[in-house]
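Here is a short report on a two-chain model.

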Amino acid sequence: MPSIRCMRSIRGVLLSALFVRAALGQDAAPAPPASPYVGSEACGVCHEDIAKAFAKTPHHVADGTDKKRGFDGKACESCHGPGAKHAGSADAADIRNPGKLTAAAVDKICLTCHLNQPTHIGRLGSSHAKDQVGCTTCHTIHATGSEVLVVRKTEAVNKLCEGCHLTVAAQFQQPFHHKLPEGAMSCVDCHNPHGSMRLAMTQSFGANEPECLNCHGDKRGPFTFEHGPVRFEGCSTCHAAHGSANPRMLDRPVVQQVCLECHANLPNLNTKGTIGVVPPAFHDLLSPRYQNCTVCHQKIHGSYVDRNLLK
Amino acid sequence: MRILLLAHPLPYGRGSVKRIAVCLTVALLFGLFIPLAAQNPPVPPPGAAPAQTTQTTPPAPSTAPAAADDKAKDAAAPSPVPSTEADISGWIDFGYRWRSGVNGSLETYRSIVNLGSGPKLFGADFTLIDPKKRFFDTMHVLASGWGGDPYGTFHLDASKAKRYRFDVDYRDLSYFNNLPSYADPLLTRGIMLDEQSFDTRRHIGSYSLELLPGNWFVPFVAYERDANSGTGVLAFVQNSNEYAVPTTLSDRTNLYRGGVRFELRRFHATIEEGGTTFSSAQNLFQSPGAANPGNSSAPVFGQTLDLSSLAAAYGITGSSTYSKALFTSNAFSWMDVYGQFLFSQPSSNVHYQESATGNLYLPSEIVFYQSEQYLVSAAAKLPHTTVNLGTEIRPLKRFRLTESWLTDRMHDAGNSASAQTIVPLGGAQQTAQLLASSLVSNYNQTETNLFLDVTDHLTLRGGYRYVWGDASDAVLPQGGELTGIEHALLRRNVGLGGVVFRPTPKLLLTVEGEVASSSGVYFNTSLYNYQKLRTQARYKATNSLTVALDFTYLNNQNPTPGINYDFHSHQEAASVFWSPSNGKIFTFQGSYSFSSLRSDILYLVPQTLTQATSIYADNAHTATALFTLNLGHLGVVAPKLTAGGSLFISKGSLPTSYYQPMAKLWVPVSKHAQAFAQWWFYGYGEAFNPYEGFGTHLAAVGLRYTR
């Protein structure tokens with residue numbers, strides 16, 4: 001019985017204490033653990049310009065809908081990390097700035113949401129991934145207008161790529177080139193900057209056909225009589241796709257030099273011989289008639305009707 | 001023939017009335033805007049640095065709440081623009097361009113530049129945002145090169161979050177190519193006739209609709225169309241001679257595709273089905289009348305060969321289906337996996353018919369004949385399967401491993417049945433032929449790469465790639481000049497390496513290289529024993545000065561007896577971007593590149609049946625420069641001048657020069673409008689074919705309206 005009295009006494013003391021604390025105010029109650037996040041609205045109080053611009057970008061959708069990753073209402077912090085400390089101190093050192101991180105660290109942030117997306121196919125094999133070219137090298141997260149996330153206008157796309165690929169940009173200054181400098185095409189018409197299984201990160205037509213066929217449909221075939229290199233090693237076997245001094249953008253300025261390098265008329269007796277050397281032809285290469293092979297072998301990409309690619 | 005080629009839709013030398021009307025319109029527009037310029041305050045020149053959207057410097061803690069209060073008050077203030085009004089921003093450039101007479105070869109000018117005179121929509125770039133989000137959230141519209149220019153583009157994309165994304169891309173491209181020296185066996189006889197010239201126009205449209213983007217289930221459909229038509233000149237090849245004749249050609253490809261994407265947090269899959277239809281028609285013709293002597297004027301057994309009439313037509317149809325399945329998975333926090341399965345099977349059918357008359361010769365029968373009919377029916381099918389798997393494993397924080405495997409199997413099979421009837425003096429002779437063709441490629445590749453983040457600023461990688469496969473090319477029964485039965489093996493070992501070094505945020509150095517050794521390749525010029533190197537460096541010296549360097553090198557050798565192929569190329573490029581005071585005074589960007597290429601290979605001299613070396617060499621200099629000067633406030637306007645251009649000079653097997661200097665003056669005339677005047681010069685020269693050179697001036701005036 002004394003124990004019961006004792007318990008009642010203790011309970012009475014505790015309840016009294018609680019009432020006293022309640023009477024003094026709620027601040028005295030033990031606070032739940034503070035969230036490290038403050039929400040996008042809080043970010044917009046100081047970063048008003050960015051917040052307004054960001055509201056016009058596709059990433060803003062995270063503020064309203066991305067519940068599964070816990071970013072609903074926290075779009076800013078989905079990339080910049082928890083912002084409570086920064087909101088309190090207003091110190092730039094207290095918030096993550098992806099613009100100052102290494103490429104791999106930036107990619108890790110982006111891939112939090114974008115890893116399992118179609119663009120991820122081929123990413124690992126791409127030279128961009130191998131050379132640590134981060135997502136934000138090309139993508140600007142806060143930009144608005146036609147440059148939201150990434151530039152779209154062909155000249156701007158080409159300018160962006162040219163920033164790193166100087167030698168390629170120079171090749172487009174040759175007289176015969178795909179019309180990138182003119183703004184009719186952009187690098188991403190042919191290349192997939194996210195990566196692809198094809199050489200030079202090129203796009204594909206349909207499922208697994210060369211990207212060149214997106215525009216040059218007449219070269220697609222299948223031809224009854226194929227020209228092997230077109231299928232085996234692609235258009236770049238003979239063509240300099242970025243630019244050339246040859247009117248057909250060939251690797252060599254004179255047609256017969258392109259052809260001769262494979263059709264050298266020297267049968268390779270090695271059992272692992274190369275294709276295209278037999279049977280040899282005996283045209284008089286000094287005659288103007290035979291100096292441009294494609295005058296006669298005009299269906300050089302493949303012929304529907306002639307085994308010698310003449311018609 | 002030249003008349004045929006010059007019959008191009010561009011309004012060269014015509015439309016003077018239209019030009020005058022447009023000039024008046026432009027003048028009126030200037031007249032309207034100049035008074036406006038006097039009323040409006042000067043605006044920053046175009047191209048000035050965009051507003052800073054990067055993180056602003058945070059205010060001192062003591063002032064932050066006050067600043068926040070002020071901003072809150074500003075936000076509460078009524079907006080002068082109704083919030084339901086669509087937000088449109090962007091610009092449009094339009095005006096008029098003049099081209100001077102072409103000093104030199106008009107044909108070459110049109111093959112390379114092909115810009116003409118007339119009213120132009122030079123470009124437009126608009127973004128629309130609907131605050132009410134009724135039909136779309138955002139819409140972008142881009143356009144360039146309309147008004148008879150050879151490259152017209154239009155792009156539109158509209159999206160509504162979680163509802164749809166719609167893309168339209170349309171291009172109208174003209175392709176004119178006619179250089180007298182390119183394919184002209186008659187040049188030595190003074191006849192300027194490219195026997196492979198074209199004047200065609202290509203229309204490419206792409207339309208895609210994606211539903212429920214951002215959801216876990218995303219269906220999509222798309223339609224693409226590629227249509228080309230025009231005229232040209234081709235050689236009709238007939239046994240002992242070839243005759244340049246006019247040709248018309250057209251082709252259409254339609255691509256339909258649709259599928260669905262599943263986007264889950266740890267897994268993504270895409271399933272897509274598609275198909276194409278293709279049709280192509282080409283006609284070669286020569287009306288009866290004057291005989292065409294062809295490229296060979298040498299008599300055969302005392303007789304001169306000629307073609308007096310020709311009608312040849314290709315009717316080609318094709319179709320294909322394809323299947324695509326892709327997946328990526330973040331299976332574990334330390335491992336990603338991806339894979340794809342691709343299958344396509346295009347097929348084609350062709351009916352070719354040809355009827356020719358003249359004095360023709362069949363060397364295999366040693367017979368002259370006066371007419372021939374040639375009919376061919378052929379078909380081909382090309383099943384093509386590709387499978388690719390890969391993974392990235394991150395066992396340690398600073399260590400990654402990637403592994404990929406690819407197999408690509410293609411098997412083209414074709415057959416043709418032909419019937420030829422020739423009518424010599426002795427009576428008609430008929431021959432028929434059945435041929436089967438096969439082209440097979442089995443390509444495989446496996447690659448492993450190891451990445452090590454030595455420090456936060458240095459990443460090293462090394463790897464190994466093994467490539468193997470086989471290819472064959474056969475036409476049965478054997479015969480003919482180029483085709484027979486050939487088989488080749490591919491075996492290549494490649495060592496991979498790379499360094500990415502970023503000691504400070506201002507400096508980035510990238511090096512990547514490959515060293516390979518092969519024991520078999522498909523072609524003489526294929527990569528065999530090669531070394532490939534690429535380095536890039538970028539240094540942001542100050543906020544206004546950035547310097548970049550790029551170097552590529554390739555050395556490829558195939559020492560196989562009978563081939564002895566030796567190829568070297570390297571290219572160096574440097575660029576600088578200097579924009580002091582954030583471009584308020586001037587901006588300069590320039591680049592220079594030097595490339596060198598040499599290719600040697602053995603070949604058999606037909607006349608002597610002895611070996612000789614075919615040598616090709618080319619050294620080229622390329623430079624570009626663009627200097628933009630903000631002229632400050634001249635009275636009430638703040639004009640801006642841009643000048644620069646590019647040059648290309650090569651020496652070697654085909655010495656060529658190509659210059660493109662330009663200058664452009666912008667003059668703001670109102671809050672939303674800026675007038676511009678531009679001048680270009682295009683100059684082209686070939687040392688060996690000086691008659692193909694040209695020089696042309698172009699000038700344009702226009703207006704940019706900005707909203």
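## Exposed loop residues

The model is predicted. K133(B) sits in the loop between β3 (118-129) and β4 (138-146) of chain B.

N582(B) also has a positive phi, near 55°, and is not glycine. Its loop runs between β23 (565-578) and β24 (586-605) of chain B. With 12 other C-beta atoms within 10 Å, N582(B) is therefore exposed.

## Cis peptide bonds

G221(A) and P222(A) are joined by a cis bond, with omega near 5°. P222(A) is in the loop between β2 (209-210) and β3 (225-226) of chain A. In chain B, the bond from L476(B) to P477(B) is cis, with omega about -5°. P477(B) lies between β18 (458-476) and β19 (485-504), in a loop.

## Contact between the chains

In chain B, 164 residues contact 112 residues of chain A. β11(B) gives the most to this side of chain B: nine residues. By class, the side holds 65 nonpolar, 72 polar and 27 charged residues.

## Cores

The largest nonpolar core has 40 residues. Y304(A), A235(B) and F236(B) are among those touching the most other members. Strands of chain B that each supply at least two residues include β8 (217-238) and β11 (306-332). A second, separate core has 25 residues, including V255(A) and Y528(B).

Beyond its sequence neighbours within four places, A235(B) contacts residues including V295(A), C296(A) and Y243(B).

Note on methods
Residues are numbered from 1 along each chain as its sequence is written. Chains are lettered from A and ligands numbered from 1 in the order in which they are written. This is a predicted model: local features need pLDDT of at least 70, side-chain atom pairs count only at pLDDT 80 or more; totals for chains, interfaces and linings use all residues. A nonpolar core is a set of buried Ala, Val, Leu, Ile, Met, Phe, Trp, Tyr and Cys residues joined through C-beta atoms within 7 Å. A residue is buried if 20 or more other C-beta atoms lie within 10 Å of its own, exposed if 12 or fewer, and partly exposed in between; C-beta atoms are placed from the backbone. Helices (H or I, at least four residues) and strands (E, at least two) are DSSP runs, numbered from the N terminus. Two residues are in contact if their C-beta atoms, placed from the backbone, lie within 7 Å. Ala, Val, Leu, Ile, Met, Phe, Trp, Tyr, Cys and Pro count as nonpolar, Asp, Glu, Lys and Arg as charged, and the others, Gly among them, as polar.
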